[in-house]
Amino acid sequence: MSTDGLIVVDKPGGMTSHDVVARIRRLAKTRRVGHGGTLDPMATGVLVIGVGRATRLLTYVIGAGKSYTGTIRLGQATVTDDAEGDVIATTPTGQVTDEAIRSALGALSGEVDQVPSAVSAIKIDGQRAYKRVRDGESVELPARRVTISRLEVLAIRRTEPDVVDVDVDVTCSSGTYIRAIARDAGQALGVGGHLTALRRTAVGGFTLAEAATLDELEQRAPDVVNLPLDAAADRFFPRREATPDEARVLAHGGPLDPAGLTGPYAVFGPEGGLIAIVSERDGRARAEIVLAPA
């Protein structure tokens with residue numbers, strides 16, 4: 001069985017994030033596998049997978065900032081806001097200038113209130129929004145505040161009649177829908193828009209440079225973890241060293257004196273092993289999750 005830790009996978013197109021988890025369960029020979037942030041089936045790129053005790057780190061991975069490259073097609077709107085849905089409106093883009101495109105996308109950067117795509121995994125009264133849409137319901141999701149810290153136009157291409165393809169590079173907070181950026185840019189320009197390609201290039205500090213394909217993982221199974229638990233925590237969190245006495249207290253869920261670190265942070269024992277993820281509140285350093293082996 002694989003050791004506890006994280007795997008940075010380069011997800012192929014055509015698979016759900018759950019499909020990838022199922023494949024890793026088989027390769028790692030354990031059921032205890034999860035992912036750190038859904039990628040749509042159409043999308044490719046960085047998908048962080050947790051194995052064993054490292055699945056408990058995924059809540060922090062999910063909340064990390066993310067980067068993407070993608071292509072927005074202006075002139076066509078789809079039911080899903082991406083290329084997987086049926087086209088519901090077409091508007092010729094001959095009058096849309098490059099300057100107008102850059103201006104519309106620029107207005108969508110910074111802190112914005114973004115309405116997620118109706119065909120999404122967000123739950124409404126316990127049921128996924130995409131299921132309600134597929135069942136024929138009209139779904140309106142509330143806007144949520146997201147931060148789009150970088151939205152760079154890489155290229156504007158007019159290679160097909162009546163549409164414009166715009167390649168973009170985006171860095172954003174967790175919960176941002178790149179599909180919604182495509183939809184909103186198209187609406188602002190009066191021609192509709194949807195996403196035709198999406199590749200996630202980074203999740204937090206995890207990038208494509210260290211990502212493995214499923215074929216590569218298949219070759220080295222069951223040794224698929226490329227970032228063991230201790231190393232993963234050291235990469236993702238600030239580090240605190242515990243004394244032997246502190247290590248004993250923390251391993252049993254007890255609080256420590258504060259160290260003045262901005263949490264959450266990882267606490268390691270005298271022998272270098274990860275004990276817990278900790279945050280400081282009410283004058284004490286308290287474990288959010290204890291990861292020392294029982």
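These legends walk through several close-up views of a predicted model.

The model is predicted, so local features here need pLDDT of at least 70 and side-chain atom pairs count only at pLDDT 80 or more, while totals for chains, interfaces and linings use all residues. Residues are numbered from 1 along each chain as its sequence is written, and side-chain values use heavy atoms, with hydrogens and water left out.

**View 1. Asp-40, listed by UniProt as an active site.** The "active site" label on Asp-40 comes from an unreviewed UniProt entry. UniProt positions follow the numbering used here, feature names are shortened, and annotations may be inferred rather than shown by experiment. Look for Asp-40 in the loop between β2 and β3 (44-51). Helices (H or I, at least four residues) and strands (E, at least two) are DSSP runs, numbered from the N terminus. With a relative accessible area of 24%, Asp-40 is partly exposed. Here buried means under 20% relative accessible area, exposed means over 50%, and partly exposed is in between (1.4 Å probe, protein chains only). Which residues is Asp-40 in contact with, leaving aside its neighbours within four places in sequence? They are Lys-11, Met-15, Asp-82 and Arg-179, where contact means heavy atoms within 4.5 Å.

**View 2. The largest nonpolar core.** A nonpolar core is a set of buried Ala, Val, Leu, Ile, Met, Phe, Trp, Tyr and Cys residues joined through side-chain atoms within 4.5 Å. In soluble globular proteins, nonpolar side chains tend to be buried together. The largest core here has 30 residues, and Ile-72, Ile-101, Leu-105, Val-166 and Ile-181 touch the most other members. Two or more core residues come from each of β4 (66-74), α3 (98-106), β10 (144-157), β11 (164-172), α5 (178-189) and β12 (193-203). Domain 1 (5-64 + 204-230) and domain 2 (66-200) each give this core at least three residues; those bounds come from an automatic or database domain assignment.

View 3. Setting aside residues up to four places away in sequence, Ile-101 touches Leu-74, Val-96, Ile-156, Arg-158, Val-164, Val-166 and Leu-189. There is also a second, separate core of 24 residues, with Val-203, Leu-227, Leu-229 and Leu-274 among its members.

View 4. The structure holds 3 aromatic pairs. Rings of Phe, Tyr and Trp (its six-membered ring) pair if their centres lie within 6.5 Å; planes under 30 degrees apart count as stacked, over 60 as edge-to-face and the rest as tilted. Tyr-60 and Phe-237 make an edge-to-face pair, 5.1 Å centre to centre with 85 degrees between the planes. Tyr-60 sits in helix α2 (residues 58-62) and Phe-237 in the loop between α7 (229-236) and β15 (239-241), so this pair ties together parts that are 177 residues apart in sequence. Both Tyr-60 and Phe-237 are buried. Phe-206 and Phe-236, on the other hand, are stacked, at 5.7 Å centre to centre and 5 degrees between the planes. Their pair links strand β13 (residues 206-207) to helix α7, 30 residues apart. Phe-206 is buried at 1% relative accessibility, while Phe-236 is partly exposed at 25%. Ring pairs join Tyr-60, Phe-206, Phe-236 and Phe-237 into a cluster.

**View 5. A charge over a ring.** Check out Arg-239: its charged end sits over the ring of Phe-268, 3.8 Å from the centre. To count, NZ of Lys or CZ of Arg must be within 6 Å of the ring centre and within 35 degrees of the ring normal. Both residues fall within residues 237-291, which an unreviewed UniProt entry annotates as "domain: tRNA pseudouridine synthase II TruB subfamily 2 C-terminal". That span is 15% helix and 40% strand, and its end C-alpha atoms lie 14 Å apart.

View 6. Most residues other than glycine have a negative phi, and most peptide bonds are trans. The bond from Ala-221 to Pro-222 is cis, with omega near 0 degrees, and Pro-222 is in the loop between α6 (214-220) and β14 (227-228). Another cis bond runs from Gly-263 to Pro-264, with omega near -5 degrees. Lys-29 isn't a glycine, yet has a positive phi of about 60 degrees; at 55% relative accessibility, Lys-29 is exposed. Asp-162, in the loop between β10 and β11, has a positive phi of about 70 degrees.
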